[in-house]
Amino acid sequence: MSNQNGPADSALRASPSGHQTALSDIRMQVMWNRLLSVVEEQAKTLVRTAFSTAAREAGDISAGVFDLQGQMLAQAVTGTPGHVNSMARSVIHFIREFPVETMKPGDHFVTNDPWKGTGHLYDIVVTSPAFHEGKLVALFSCTTHVVDIGGWGQSPDSRQVFHEGLFLPLLPLVRQGVFDESLMKIVRANVREPVQVEGDIHALVACNAIGEARLSEMMKEHGIATLDELGEHIISRSRAGMAAAIAKLPQGSWYNEMRIDGYNDPIDLKAKVTIAGDHVEVDYTGTSPHVSFGINCPICYTEAYTAFGVKCLVAPTIPNNAGTLDAVLVKAPENCIVNAPWPSAVNARSTIGHMLPDVVYGALHQCMPGTVPAEGTSNLWNLKLAAGHGLSEGVGVPFQVTTFHSGGAGARPTKDGLSATPFPSGVRNVPVEITESITPLVIWKKEYRPDSGGPGEHRGGLGQVMEVSHRHGGGFGIHATFERVKFAARGREGGEAGGNGRLSLASGTVLKAKGFQQVPPGDKLVVEMPGGGGYGAASKRDPAKVARDVTLGLVSAEQAKVRYGAE
Amino acid sequence: MSTARLAVDIGGTFTDLVLETPGRTWSTKLLTTPDAPARAVLEGAQQILALAQCPPGDVGLVVHGTTLATNALIERKGAKTALITTEGFRDSVEMAWEHRFEQYDIHMERPEPLVPRNWRLGVPERVAADGEVLLPLDEAALRAIAAKLRAGNVEAVAVCFLHSFTNEVHERRAGEILAEELPGVSVSLSCDVAPEIREYERTSTTIANAYVLPLMGKYLGELADGLKVAGVNAPLLLMMSSGGITTVETAQRYPVRLVESGPAGGAILALGVAAENALDRAVAFDMGGTTAKLTLLDDLTLQRSRQFEVARAYRFIQGSGLPVRIPVIELVEIGAGGGSIARLDALGRIQVGPDSSGSVPGPACYGRGGTEPTVTDADTVLGRLDPSRFAGGSIPLYPERAAKALESINANAQIAAAGVAEIVDETMASAARVHAVENGKDTAERTLIAFGGAAPLHAARLARKLGMKRVVVPVGAGVGSAHGFLRAPIAYEVVRTRHMRVEALDIGMLNTLFTAMRAEAEAVVRLGAPDEVLVEHRTAFMRYRGQGHEIAVALPLRPFVPEDCAGLKALFDAAYAQLFGRTIPRLEVEALTWTLSLATDRPLPAPMASVSPLPAAKPVAFRSLFDPATGVADEAAIYERPSLTPGMAFPGPALVVEDETTTVVPKGFDASINALGQIILEDRA
């Protein structure tokens, strides 16, 4: 009965060393998978226990494990690419300030420094040492977008970071299990929802503690005392994988620029993308200077979205770690809007950051034709609505709510763009029934905007229109941080631009796309979200698809005739 | 004499049958016949009745679970369906969560809704969050829509208006008008199918119900007729995803509740096994041909949930399927089964699943045209499977084809097989750990209950990866879900959303609500259990104000009283602390959704007696068994399961062979047989 294994057995005996190498490679793979599962558990713990809608609904968090040099070994895949490289870099800042040899079990360190964390004060980063059998073996780090951080709140209207709320430099938060109560008092005194923010900070600490416990179990199970060998395996395998993927691309430099709305004045985003051997360099020299409002982007956030954009195209399946981090190098002169220095206002830095993959894709399209999507809405069209003293007229209880919504994404080289779907951000929406049950708002319409998808052989994704009023005739206000109102998402290869966005009142007044504005009592807010750009000439679109779009009401008969040449 | 009971479970790869006769239990396994699922059922029924020499007339009950509704949803083979919804919201079901479930894939597609946009029609009407009518239903507009549906030969209609779970008046009226206008067309109202907050999930559930309703009605009718023709005149009951069984009548009205019936049956089996072994902390592990399912069992209670996603089209990723809000047993399901295909990724790492070779062509070793390496191929090459005994010998295995297919992973087929086994086990372990943490639990120190054709092959290794010392392989493990069907209660669950602050509960309204819910549930359960004693459970789904996800809180079984404002808060705090390890002082608590479930009383079995040890069993043969954990091949003793009697014990490495599965006892584990004939594996480490 043992015949079937005979040949394999003799092969093993013939080459015992090859056998061992192959098995040890499998063991490394198993431990790597396990490490990814550890950070996944870490992230789930955070999502389940955090309070802010950004963390819970949108997954605006991250979690990762690092070696003692601060090199990231594994990071959970969460709702935001904004932490892809930024959190990894922040650990280096922590261990410079607090050398690892001084760390003790039960220590946790904190910051929300936009330039050393993940780009704005709302994101609090906690980094913690992890011990196994009494010995320091790794660091865990995690980030979440807290409910509130004081200052101007959700607004892009701040002029300097000082307006934006509480700034926590790199600080000890917990020492050997004991919370710094003075620090927590300062936090509580500076935020609008002290109980929930404190809850969020506790969730961060719990998240790293779970990571430490799970890592220790894994090391015990596999009988390893350090992460040196595994870390080396992960980083070298990933680095080699990235290098191999990049080496396959055409080598050289390509250039692109994109004009976007900005706060008051248009902003030019310019990028030179150089593919050179084992890395891609993105140089934003020439990009507009930083501005006097809260849409500036610290370099760490610029790096995150740039690296994410490149990775989606070049090596989407290689996990993020120190081996992939350096494969995308980002350069930007100081004082430009994508490398805004302290004390620039940075609260709504995603307004700029989310546009960066489109800029890079315009350059990559020239050397990687047929792989790069058209421009999309890119910037999130979240409705940040509020009412209360100083914010609104008329009757009604005060409220603050952020609901996550999106316009259309750009068409892909072989597929239509996704409608009402974010890219590059990965957030989820908030149901209308939930928004209405926690606020006095009524949403009268939430539907695709026909004809807003950029015409093309592959059509851009459609935007959507939402109409919002106050149920009891009260007023409310909106913190607008919208893009693609003046300058639409452009198509590629002859594909046409997506529809522009528009913010207005039902009574007719057109509102600005940025800044706090009021919706008077009795009026209705009308939010028309942009569409994504098309790909390829509209005349080349399969007539059956044009006809289907008309049947489904995504494209009007008139647009089908005028733009697509349908009979 | 109606003394026998028959259970039939149609899975993605296999159709399993179990027949309980007074003297013993019989089982059989056939390949599923996807083109005509009833064929395998009727063939299997004839086979098993012949095997047991049981006249068809002796069958007193047939319990059936099927993936047919699921398959119709996956393969888009349901009825031509229309959606009628609040004007301005016809795209909500397509926008879904406005989400990309796979962050890095720019080519990702969301699942298309079951109803295309031109058959999603808005009607002017509006109910506010508190139930107030802001805009009356435009009946003339609705009749005009009905005329359009008639002209378009629409076969099924789903109606879902905003906030209908709070005030159903518009949906009910729409149902009446559509019944008048469209006789013969089946209409599903969201206030009946899933009266719960969150418009996307509610609409998706209602559409899924409407979409499979005509098909399931027809199938269940045919099956009932087929059984009669075969001489089986027993009542037919259907297994639901909740772990309860129901009548054909209810199943035909709410077929969406049938989607996850197989795994639910497995969980019911595991619950009984946990009771027999007095296990207060266990994990049910069900691994079949296509997927693996893991369920946590604490204090002999199944965790329940109301969230499930069917037809996950993209690597089983959450968000890539169609959400349905139905009562389900909380479990994690991953694309890891015997048929899961293995390959190398860009970094040369082994990836297993989630795609499966299914029953056609099946793993390479089936010799039916499959060329890609699968988990079953790996198990064959490792020496775990007897090529002449697979599925009772009905499917001969070809080890050389398995070895050849595995060469795409590593030139040494045995190393490749070890790698595939290790990675699939690690994948399942990761899923179990993450699932546990999401439920505020841990996997360590539990007992693993393994069933389903592939689970006993992988259970010992999985247990070690999860820090578990003990594995139980029940009798009939290879057809475990079908066994579970015969232990399931007749049950039904009713849900309502009523959003309120817990400190200001509307006691009178809640009592009226629960009285109505009890009556609704009882009407359904009594159809199948006219006289039996019924057990009720009540649950509230609650959260801190400001949070976005609710947790389930068990409620006392009595009318609400004013003291419950404080009492429910305390119950919530306890449940929250259990899940998250802490509570948040000073925050308000709110309740959104309320459920009542009613079931016939099925007392759990008592713990079994211990057995006195018997001399070690005698192996029937030896076979080389490669252990991925050690990288070494050993001679493993082979035992025939039917020959093992309570009290016998033997050390690993060993293999216990039976018709529907094989139990692997790795080196370092001891096996023994308990009083009920279950195999117990203990980790010596």
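Predicted model: local features only at pLDDT ≥ 70, side-chain atom pairs only at ≥ 80, totals over all residues.
Strand β17 (residues 502–505) of chain A pairs with β19(A) across 4 bridges, in the antiparallel sense. Within the pair, A:Ser504 sits opposite A:Val526 of β19(A). Strand β19 of chain A covers residues 524–528. The strand is mostly covered, with 4 of its 5 residues buried. Another partner is strand β15 (residues 464–470) of chain A, joined to β19(A) by 5 bridges. These two strands also run antiparallel. Here A:Met466 has A:Val527 in β19(A) as its bridge partner. In a regular strand, side chains alternate between the two faces of the sheet.

An open sheet of 7 strands has the order β2-β1-β5-β4-β3-β6-β7. Its pairing is antiparallel. Which strands of chain A form the edges? They are β2 (72–75) and β7 (178–179), each of which pairs on one side only. Look at the β7 end. Strand β6 (residues 171–175) of chain A meets β7(A) through 2 bridges, again antiparallel. A:Val174 faces A:Phe179 of β7(A) across this pairing.

Now turn to chain B. The chain holds 16 helices and 35 strands. Its C-alpha trace spans about 75 × 65 × 55 Å along the principal axes. How does the radius of gyration of chain B fit a compact globule? For 685 residues such a globule would come near 26 Å, and chain B has 26 Å, so the two agree. Buried residues account for 57% of the 685 residues in chain B. Contacts reach along the sequence as well. Of those in chain B with a separation of 6 or more, 68% link residues 24 or more positions apart.

The domain assignment divides chain B into four pieces. Domain 1 takes 4–73 + 217–258, and domain 2 takes 78–216. Domain 3 takes 262–488 + 602–685, and domain 4 takes 491–600. Consider domains 2 and 4 of chain B. Their centres, taken over C-alpha atoms, are 27 Å apart. The contact between them draws 5 residues from domain 2 and 5 residues from domain 4. On the domain 2 side, the residues that touch domain 4 are 3 nonpolar, 1 polar and 1 charged.

Next, how do the two chains meet? In total, 72 residues of chain A are in contact with 70 residues of chain B. Helix α2 (residues 16–49) of chain A gives the most to the chain A side, with 15 residues. By class, that side has 28 nonpolar, 24 polar and 20 charged residues.

Finally, the nonpolar cores. The largest has 325 residues. Which of its residues touch the most other members? They are A:Leu46, B:Val157, B:Phe285, B:Val420 and B:Ile449. Helix α12 (residues 413–438) of chain B supplies the largest share of this core, 15 residues. Take B:Val420 as a close-up. Setting aside neighbours within four places in sequence, B:Val420 is in contact with B:Ala342, B:Ile350, B:Val352, B:Pro373, B:Val375, B:Ala378 and B:Ile409.

Notes. Residues numbered from 1 in each chain as written. Chains lettered and ligands numbered in written order. Contact = placed C-beta atoms within 7 Å. Nonpolar A, V, L, I, M, F, W, Y, C, P; charged D, E, K, R; others polar. Domains from an automatic or database assignment. Core = buried A, V, L, I, M, F, W, Y, C linked by C-beta atoms within 7 Å. Buried ≥ 20, exposed ≤ 12 C-beta atoms within 10 Å, placed from the backbone. Rg over C-alpha atoms; globule rule 2.2 N^0.38 Å. Pairing = 2+ DSSP bridges.
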